[in-house]
Amino acid sequence: MSVTTPTQLCLQGARDTLPMLVGAMPFGVIFGTLAAASAMAPWQGQLMSLLVYAGSSQFIAIGLVAGHTSMLLIWLTTFFVNLRHMLYAASLLPLVAHLPLRWRLLLGALLTDETFAVVSARLQQSDGTATPSSLRHMHWYFLGSGLAMYLNWQLWTLVGLGFGSVFPQMQNWGLDFAMVATFIAIIVPQLRRFPYLAAALAAGSLSYLLQHLPYKSGLLIAVVSGVCVGMLASRAATAQGDAA
């Protein structure tokens, strides 16, 4: 029996996100411990997870705050690090283009690497079999995945804040390997599509070649370049498909 109701789609989106929830768990705990050990108050660390909700940017921001970096530089750094979400949004635009603004804002706020990977995998499985009417309701699946990730991140941030004062060196336990493994699991399946492969090669090559630039500026250049290459490749692929 096919899944058709909003509740069923939400639950299926959350269920399909379970492996990502496990991978994000130690990542959230480590962030919480770092926030607890920083100059920030515990409620500020939790508020950052509630409002910012971007793991990599939150880690970078805590490091920059500890280094007494200016607020402008923190904003710019986190902005460039999150530019990859432009690729995600462009890829999922056909799925949400028909929705009202309130829906698009909500789903945009819940869009993460993990949710993008889950929703993209579902869409690839549906290629050639899904009807336009069924795809029009896929935003409920998107919502279920996004809410599962959001609540998971809040929970483990809170756990990390609680344990951070008891085990102040928890961030040195090697739990961050789960973050690396999760990102590998997200990225590798996407490399079958040329725009993502081009973006990954451009960003990876530049981040290696420019790793010695000061203030991690090489990483920022690599991120921006990867996004630009990916978007150009995506447009080229779309134009080629329209021409055909």
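I looked up W43 first: W43 is exposed, with a relative accessible area of 58% (exposed means over 50%, buried under 20%, partly exposed in between, with a 1.4 Å probe and protein chains only). The model is predicted, so I noted the terms: local features need pLDDT of at least 70, side-chain atom pairs count only at pLDDT 80 or more, and totals for chains, interfaces and linings use all residues. Residues are numbered from 1 along each chain as its sequence is written, and side-chain values use heavy atoms, with hydrogens and water left out.

I placed W43 in helix α3, residues 42-51 (helices are DSSP runs of H or I, at least four residues, and strands are runs of E, at least two, numbered from the N terminus).

Next I went to helix α6, residues 84-96. Its 13 residues reach 18 Å from first C-alpha to last, close to the 18 Å expected at 1.5 Å a residue. I found a bend of about 35 degrees at A90, with a proline, P94, following within four residues (the bend is the angle between axes fitted to the seven residues ending there and the seven starting there). Among the buried residues of α6 I listed R84, H85, L87 and Y88.

Of its 244 residues, 39% count as buried.

Terms used. Expected span 1.5 Å × (residues − 1).
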